[in-house]
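Open the model in your viewer and keep the sequence panel beside it. The stops below are given in the order in which to select them.

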Amino acid sequence: MQGLKKLVLGVIAALGFGTVWAGYSWSFPSPVTPIAHETLHVHNLFMVIALTLFFSVLALMLYSFWNHRKSRGQKPADFVGPKSRKQWLWVLAPFAGLLILDYGVFGIPAYHAVLMYENTKTDADLVVKVTGSQWLWQYEFPAEGVKFTSRLATPRDQIDNRATKGENYLLEVDNPLVLPVGKKVRFITTSNDVIHSWWVPAFGVKRDAVPGFLREFWATIDTPGTYRGQCSELCGKEHGFMPIVVNVVAEAEFKAWLESKKTGAAPVSTAPAKTWTLQEAVASGEKVYGTICITCHQATGKGIPGTFPALDGSKVATGPVDEHIKVVLNGRPNTAMVSFARSLSDADIAAVVTYERNAWGNKTGDVVQAAHVTELKRAP
Amino acid sequence: MAHDMAHDLPHDGAHDAHYQGGALRWIQTTNHKDIGIMYLIFAITMLLVGGAMILAVRAELFQPGLQLMQPELFNQLITLHGLIMVFGFAMPAATGLANYMLPLILGAPDMALPRLNNWGFWILPPAAIMLVLPFFLGLMGIGPGAVDTGWTMYAPLSVQSGWGMDFAIFSVHMLGVSSILGSINVIVTILNMRAPGMTLFKMPLFAHGFLVTAILLITIMPVLAGGVTMVLMDRHFDTHFFTAAGGGDPVLWQHIFWFMGHPEVYVLLLPICGVVPHVLSAFSRKPVYGYRAQVYGMWGIGGLSVIVWAHHMFTSGMSTGSQLYFMYSTMLISLPLAVLFFCWIATLWRGSMTFETPMLFAVGFIILFGWGGLTGLVLADAAADPQYHNAYFLVAHFHYALYPTTVMGAMAGVYYWLPKWTGHMLDERLGKIHFWIVMVGFNLTFIPQFLVGLAGMPRRIPDYPLMFSEWNMLSTVGAFILGVSHLLFIYNVIKCVRGGEKAQDKAWEGAEGLEWTVPSPAPYHTFETQPTIK
């Protein structure tokens, strides 16, 4: 049994070495929070125990297959249950072993880990509100009045195999979340539409974002760095395309970043807050469209028949302006068209509506100003 | 004389009148052997449909980037794969085995409720069509496509989806009714029609497995029906069961679904827990070890299965107390499962074993399902679960639990009883080749999924970051190998139906049980006079 265990561990080590050398991942990333450290420890312990159990029982079975064969002249025994004390020991020992494994080896540390995991409120240094939407994350520091959206930044060309994929393909965003190292951060999650789930493997935390409810978890990140994760609850077509990026930095740097976010979070298009001309609005709006609307309504504005309506030549995009703006502001209930009132600035909404009304075959000549959108939001 | 699908229609006058020929026979039959065959043919067809869908998915996942399809189609494929495999393949296959074999094993002339039996089957083809029709229509540009929420159909995504979801709701209703009717039939048959002298504790384990399964099914299927009706109401009749703004809660759906969903996986397991001891005993030429322990183990698993459902929901934000309860109650299930494993291995131990195809599949089931069960242990840890939940580690875990059980276990049963059904022994060489292709293909598909899940890859995504590439590529290769193996299985079965070495009544040297006392192939009507059991 000793020799076999050594062999197994040797094979695992060789595999591990091989995979590390090959450059691809095969286990949890390095843990940077207390929970992640604990979970990695539990996982490693489990792997050793489970693999040992598996291979020792397998060895027993293989031994039996080899020796207890008819072709080896083995005559079948006829026992149907334990009779002697020794046999009862054989029966009860694995049972007892499993009880100790379940409720002792795993169960006791798990109790403490669950309590630790749920200990969100005590001594939190900072609160971040995370809101999942289809298909982006919004981060908010309620106490500091900072709010911004974080969307996938990988260009569509890379996804469609027209351009080479970058190193952080599908794991890059326009506005990462920045957090201070060594501080206990209390996360509160919710959603605007369907259930999403926020997961950063290096933090060891995953929590669903449930619409209409607040959930919470915490993390104290012990090492500065950039940590990436992905949405972990199927939320529609772009579920695989709403990643999470967290930059963990020294406290001073974090404070500076927070300040910069307070004064004018850069909207998608950096459109100026003045009265703009048709050309200016269309140019800004095209950028907004190309980041957000294009995923459903497509570059041609023709949508996907039966699923996503066309904007080119549509009644909404060529009809009354206010109705068009309201669709973007409020979304369409029970469809994939979500409300953008909270995820796009008024300037961006004005720009993208202007673009849609003057692109492809649409030639309304309408220009929508940011101020008008603000007005409509106040008095629907 | 050539044997067709193994039924000797009697040639004397009295019975000829009520046997139709052709298609009408199959539509009107109330014969348990006919109905069993129909269930099995339906199941294998669904296995191929669900399998083709997931091969399309794996082809897309072969490399990063979107090559073959857009995410909308991908989401439909993974959803239909799950629903078809669970409700279209696994449950009908088990019901087919039950229908054919229960009367034979119990020494009964047929199932207790033969007309109900016919109806229970014939609900299935329309239900399957309802489920997949929106998919094919969508491919042709008509409508939004099939249900695309994952087989778990979480709200509010399910409330938001297109009308493929409505078709799925009605399909699930029909599938549920079929299961309930079949289960009623199984329970009534087992409780009322055993041969005289066959007490409940003399009844073979096959029947015990199906008795627990049937009781579980009638407990849980109405709950699912209620849940999907609530989704239908939210979708079309302005209710707010799953919307907070209306006073509801999306997580309510999860509770309802998993109250069905967790016992459901034991519904998939327990029939095989009934089949496998027969096969192990036959090919080790030893009586079943721990008969009573296995019976109590099956009941223990069934009973515990209904009180652990929220271990599927650890990340949804439940209280500390709930997490602890569901963690500890889930761990408890490992105990009766361990009893079963012990008894299976003890059945083999010091037997006189030969390794024909049914034995290979039964033993393969024990080994691979064992790994599935072990990986369930770390998922039960509520604090560690977030690192595994909804990532590929989970996908690999449940495929190690489900495939060896519902596919390999069912194949063990089919290969074991094929000589009884067809009158021919199967081609052993082909059967062994089938087995080894499955072992290679299955492990090559799912071991990389454990690894890529630990590395951080979420499930249900059509495209992925570059660091997950190599494992996905390997997994896809494995999937295609596994896919091909099913074609070999079908070929082997058809070959056995058409001919082969003549099978004895007792086709396997070590086989025990009433079914081996009737001729091979079994006559259309068997045990019209019930034997007396000592």
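The tour goes from whole chains to single strands and residues, and then to the contact between the chains.

**Before you start**

This is a predicted model. Colour chain A by pLDDT: the mean is 88, and 91% of the residues of chain A reach 70 or more. Now select residues 18-23 of chain A, where pLDDT stays under 50. For residues 18-23 of chain A the model has two contacts beyond four places in sequence.

**Stop 1: chain A as a whole**

Ten helices and ten strands make up its secondary structure. The C-alpha trace of chain A spans about 95 × 50 × 40 Å along its principal axes. How does the radius of gyration of chain A stand against that of a compact globule of 380 residues? The globule would have a value near 21 Å, but chain A has 28 Å. Of the 380 residues in chain A, 38% count as buried. Among contacts in chain A with a separation of 6 or more, 64% are between residues 24 or more positions apart.

**Stop 2: the five-stranded sheet**

Stay in chain A and select strands β3, β2, β1, β5 and β8. In that order, β3-β2-β1-β5-β8, the five strands form an open sheet with mixed pairing. At the edges are β3 (146-150) and β8 (215-220) of chain A, each of which pairs on one side only. From one strand to the next, the twist averages 25°.

Next, zoom in on β5 (residues 184-191) and β8 of chain A. These two strands run antiparallel and are joined by six bridges. To find one place along the pair, select A:R186 and look across to A:W218 in β8(A), which stands opposite.

**Stop 3**

Select residues 196-200 of chain A, which are strand β6. Is β6(A) mostly covered or mostly open? Five of its five residues are buried, and the strand is mostly covered. Show the side chains next. In a regular strand the side chains alternate between the two faces of the sheet. Here A:H196, A:W198 and A:V200 point one way from β6(A), while A:S197 and A:W199 point the other way. All of these residues are buried, whichever way they point.

A:H196 has A:A209 of β7(A) opposite it. Four residues lie between the strands of this hairpin, and A:G204 takes a positive phi near 70° there.

**Stop 4: the segment after α10**

Go to A:A379, in the segment after α10 (370-378) of chain A. Is A:A379 buried or exposed? A:A379 is exposed, because there are 5 other C-beta atoms within 10 Å, and a residue with 12 or fewer counts as exposed. For a sense of scale, draw a distance from A:A379 to A:K184: their C-alpha atoms are separated by 41 Å, and the two residues are 195 residues apart along the chain.

**Stop 5: chain B as a whole**

Buried residues make up 62% of chain B. Of the contacts in chain B with a separation of 6 or more, 83% are between residues 24 or more positions apart.

Then select helix α16 (residues 469-498) of chain B and find B:K495 in it. B:K495 counts as partly exposed because it has 15 C-beta neighbours inside 10 Å. The C-alpha atoms of B:K495 and B:I187 are separated by 34 Å, with the residues 308 apart along the chain.

**Stop 6: where the chains touch**

Show both chains again. In this contact, 84 residues of chain A meet 82 residues of chain B. On the chain A side, select α2 (34-67), α3 (85-117) and β7 (205-209), each of which supplies at least two residues. The largest share, 15 residues, comes from α3(A). By class, the side of chain A that touches chain B has 45 nonpolar, 22 polar and 17 charged residues.

Notes:
Residues numbered from 1 in each chain as written. Chains lettered and ligands numbered in written order. Predicted model: local features only at pLDDT ≥ 70, side-chain atom pairs only at ≥ 80, totals over all residues. Contact = placed C-beta atoms within 7 Å. Nonpolar A, V, L, I, M, F, W, Y, C, P; charged D, E, K, R; others polar. Buried ≥ 20, exposed ≤ 12 C-beta atoms within 10 Å, placed from the backbone. Pairing = 2+ DSSP bridges. pLDDT = per-residue confidence, 0-100. Rg over C-alpha atoms; globule rule 2.2 N^0.38 Å. Axes fitted to C-alpha atoms, helices over the stretch in contact; angles between N-to-C directions.
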